[in-house]
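Here are my notes, as promised. Have the model open while you read them.

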2 protein chains.
Amino acid sequence: MNIAPVPSPLAFVPFVSVSNMMKIINGMGVANAIAGIADYIEADFRRWESFDKTPRIAAHSHEGVIELMPTSDGETYGFKYVNGHPANMARGFQTVTAFGVLSNVANGYPVLITEMTLLTALRTAATSVVAARHLASENAKTLAIIGNGAQCEFQALAFQKVLGIEKIQLYDIDQSATAKAVRNLASSGLTITSCTDPHNAVYGADIITTCTADKQYATILTDNMVGAGVHINAIGGDCPGKTELHRDILLRSDIFVEFPPQTRIEGEIQQLPDDYPVNELWRVITGEIKGRTSKSQITLFDSVGFAIEDFSALRYIHDQLGEKSHCEQLDMIADPDDPRDLFGMLERADI
Amino acid sequence: MNIAPVPSPLAFVPFVSVSNMMKIINGMGVANAIAGIADYIEADFRRWESFDKTPRIAAHSHEGVIELMPTSDGETYGFKYVNGHPANMARGFQTVTAFGVLSNVANGYPVLITEMTLLTALRTAATSVVAARHLASENAKTLAIIGNGAQCEFQALAFQKVLGIEKIQLYDIDQSATAKAVRNLASSGLTITSCTDPHNAVYGADIITTCTADKQYATILTDNMVGAGVHINAIGGDCPGKTELHRDILLRSDIFVEFPPQTRIEGEIQQLPDDYPVNELWRVITGEIKGRTSKSQITLFDSVGFAIEDFSALRYIHDQLGEKSHCEQLDMIADPDDPRDLFGMLERADI
């Protein structure tokens, strides 16, 4: 026989390439996509206890780390592959790239494989606004962003869309990064102030996002920079040995985290004793514990990124594929007519 | 701008579909491919201590399990996604499907994504012959295969090619499975005997492969079926609660395993105390310990499948892609001109 094999429909897994992810996001607008993902994250955090939770599985090397972040709600399973290589940028590669998979728990078959570098940027901003919705003061209008790299614009647009932020104050140790962000946000409708000093950037801000990229202990915010009533959204400290906030700020704040066993290793609170009290964000979302309780309280979301957020983002993208065809079909699952006859499938392919 | 985005060369990851995997395997011949993978496995087991080793990460459900199996040698990282769903076959799905990824540790970028359902069948047979090369008697000519499902023909051809087996004796509780294997192996040059009783199948065999699929404690081999000098290649017992051999056989055998912490949970030796002495196959390969030491010795390879074997198989396939184009290029890695400007890449795509 010389028949070219025609894969069965069961062989195919939808794949969202970088190009198609850009089409999906631009088709609905970045801010709308982030807001949509935020709603999925909030819904999934509300049913937190139905998820399998495990700290990420990391393979460390001198150059960086490769991680797998799996989770499951019993019906759907998802995982993200993500690398973190601080030296990549200087060599023309991305510091962080990612892809992810969503599967059907009932039969184990993948139902989606997708780029997640862009999607992770969106879900990180989405997680930030989910937390801020519950922790920032109600009339927050001004956001400071310290660190104006790849995450900066997504933060700005997310806070504008979901929290009603009107003004942003930017600072980066590299002024060209700030200039890039100002250019990219020129038509956003936000009032933008570029600062050459971090003290000016945080002055008068209701919310402070820190998202710097150095893999080291770096004190981005010192104690005197943080006034009463501020909400701090700390997302740059996300691995052992990398923090952004002075310890004294932590001691003055009420601290909210995603998954304590992971945050104690990777987050700002790695500076504190292992039993230092922290609050789980999902309990705030369900109403079990209070978020902000006074105008003068300093709230800190010590965010490191958790598998359930990626799961939510994967679910969101999977749901967008329904009617549109923003994906390719990968012939990825061997599907013999008789499951016991894998060899026969191979032999009959005759290619 | 309305310029369609042209992904940078860094955006692409080679993908081996099921169709292309069949082309690669059939192009060189199944037995040659298994022999090639066996050499890669032997080479990697020889440098066992240079690998990160961790038991697989499993997400269990009522219907089955989804597992991630990562490992790294410090230069290359690999993982396999694999499901195991015993009820799938009755619903027209594969019990086990898999795909895998190989990455560059230095920058974290994937260098290969491939189907692994077929590839896993080959690497399982390859691992069997690596072990038998060191553990079976030198003049082994007859192989019994108990369980004639998806793995059966790969076992037969692997043992013919690498060990010089001339005769196979087949048994399955389902005679149509045996008939399928006989048909598929008709032109192999092997002398084939179909048996309707497992005692007949093992009679006179130098090597016994057990590869049944039921997810339960099932005694496929009882003590009286195993004579002096036999090598048992037990590959069907590969998860908690699933074994194939009567405990008394284990007590009469010298037991060889891949990675003891995993085998004690998943292998035949889950029937034995946690401190029961077993031998690591890699130490036999390096010559540190002896394999077969006498003609009358019963050797047992209690195989459950380990991440390094998948790593070897991924390396092997990656090396086959060099000159030929048996792969597609997936636009999977977002690669902005300026790594800090992910948002600008998205905006400039304008799609």
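1. Ground rules. This is a predicted model, in which local features need pLDDT of at least 70 and side-chain atom pairs count only at pLDDT 80 or more, while totals for chains, interfaces and linings use all residues. Residues are numbered from 1 along each chain as its sequence is written, and chains are lettered from A and ligands numbered from 1 in the order in which they are written.

2. The open sheet in chain B. Look for 7 strands in the order E2-E3-E4-E5-E6-E1-E17, with mixed pairing. From one strand to the next, the twist averages 20°. Strands here are DSSP runs of E with at least two residues, helices are runs of H or I with at least four, and both are numbered from the N terminus. Two strands pair if DSSP finds at least two bridges between them. Axes are lines fitted to C-alpha atoms (for helices, over the stretch in contact), and angles run from 0 to 180 degrees between N-to-C directions.

3. Strands E1 (residues 12-16) and E6 (residues 110-115) of chain B run parallel and are joined by 2 bridges. Opposite Phe15(B) you'll find Ile113(B) in E6(B).

4. Around E14 of chain B. Strand E14 (residues 254-257) runs parallel to strand E16 (residues 299-302) of chain B, with 4 bridges between them; Asp254(B) sits opposite Thr299(B). E14(B) also pairs in the parallel sense with strand E15 (residues 279-280) of chain B, over 2 bridges, and there Phe256(B) has Asn279(B) as its bridge partner. With helix H8 (residues 260-266) of chain B, E14(B) and E15(B) make a right-handed β-α-β unit. Right-handed means that, with the strands pointing away from the viewer, the path from the first strand over the helix to the second runs clockwise.

5. Ala35(A). Is Ala35(A) buried, exposed or partly exposed? This residue of helix H2 (residues 30-46) of chain A is partly exposed, because 19 other C-beta atoms lie within 10 Å (20 or more would be buried, 12 or fewer exposed, with C-beta atoms placed from the backbone). Leaving out residues up to four places away in sequence, Ala35(A) touches Lys161(A) and Val162(A). Its C-alpha atom is 8.5 Å from that of Val129(A), 94 residues apart along the chain.

6. Where the chains meet. In chain B, 70 residues are in contact with 70 residues of chain A, contact being C-beta atoms, placed from the backbone, within 7 Å. The chain B side has 39 nonpolar, 20 polar and 11 charged residues. Nonpolar covers Ala, Val, Leu, Ile, Met, Phe, Trp, Tyr, Cys and Pro; charged covers Asp, Glu, Lys and Arg; the others, Gly among them, count as polar.

Technical notes. Two residues are in contact if their C-beta atoms, placed from the backbone, lie within 7 Å.
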